[in-house]
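Notebook open, model loaded. I want the fold written down before I forget what I clicked on.

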Amino acid sequence: MFRPVLMVGLALAGFCAALDAAADDQLVWHTYANGNELHLIMGLPESDNQIIDISCTRGSDAIKVRSLIGSDGLKAGDAAQLTLANSGAKAVFDGRAIPNDETAGIDVEARGTLGDFQRIITTGRPFVLEVKGAQYGLAPDRIEKPLATLASACKTG
C-alpha cells in the first residue's frame, strides 16, 4: 500500500538532486549565436558543461533540440526520442542518436517547433529531460529573457 508513495518520494528526491546539481555547478539558461543559428543552452556559459541545446535558424520556428546528458542503449544513427515533461505539459521530439566526441557517449538530437518547447516553459514548473536510459531535472528559473531572445530570432530573423 505504501509502495506508490515511496516510489513517488524517491522520484522526487532524484529530481530535486538533479536540480540541486544544476544549481551547484552554476548552470544557467543563456543564448549563444553561431552564424545564422541562435542557441538556447542550459549549461555553464563559455564551457562544454551543457545539459540541453535548443537552436533555430533565424526566421524559422523549427527547432533542433540536443540532449547532452548521454543515453544508454542507443548507437549512433538509431532512431530516438527526446521528451520534455512535467505535470502540466509534455513534448516528444523525434530524432536520432548522435555521437558526442567530447564525452565519447551517445546523445540525442531531435526536431520540433518552438511552440512545443514553449508549452513546457509556460507551465512555470520544473521539467524532466528524458532520452533512452537517461533523464535530467531542469528548472525554468531565469529562462524568460534568453527564451525571448530565441523566440524573437526564430520568428523574425
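Predicted model: local features only at pLDDT ≥ 70, side-chain atom pairs only at ≥ 80, totals over all residues.

Residues are numbered from 1 along each chain as its sequence is written, and side-chain values use heavy atoms, with hydrogens and water left out.

Elements. I looked up the secondary structure and got three helices and nine strands for the protein chain. These are DSSP runs numbered from the N terminus (helices H or I, at least four residues; strands E, at least two). Along the sequence I read α-β-β-β-β-β-β-β-α-β-β-α.

Burial. The protein chain has 157 residues, and 40% of them count as buried, meaning under 20% relative accessible area (1.4 Å probe, protein chains only).

Sheet. What order do the nine strands take in the open sheet? I noted β1-β2-β3-β4-β7-β6-β5-β8-β9, with antiparallel pairing; two strands pair if DSSP finds at least two bridges between them. At the edges sit β1 (28-34) and β9 (134-138), each pairing on one side only.

One pair up close. I followed β2 (residues 37-43) against β3 (residues 50-57): antiparallel, over seven bridges. Met 42 stands opposite Ile 52 in β3.

Helix on the sheet. Helix α2 (residues 114-121) packs on the sheet and touches several strands, among them β1, β4 (62-67) and β8 (127-131). Touching here is contact, heavy atoms within 4.5 Å.

How values were computed: Buried < 20%, exposed > 50% of the residue type's maximum accessible area, 1.4 Å probe, protein only. Axes fitted to C-alpha atoms, helices over the stretch in contact; angles between N-to-C directions.
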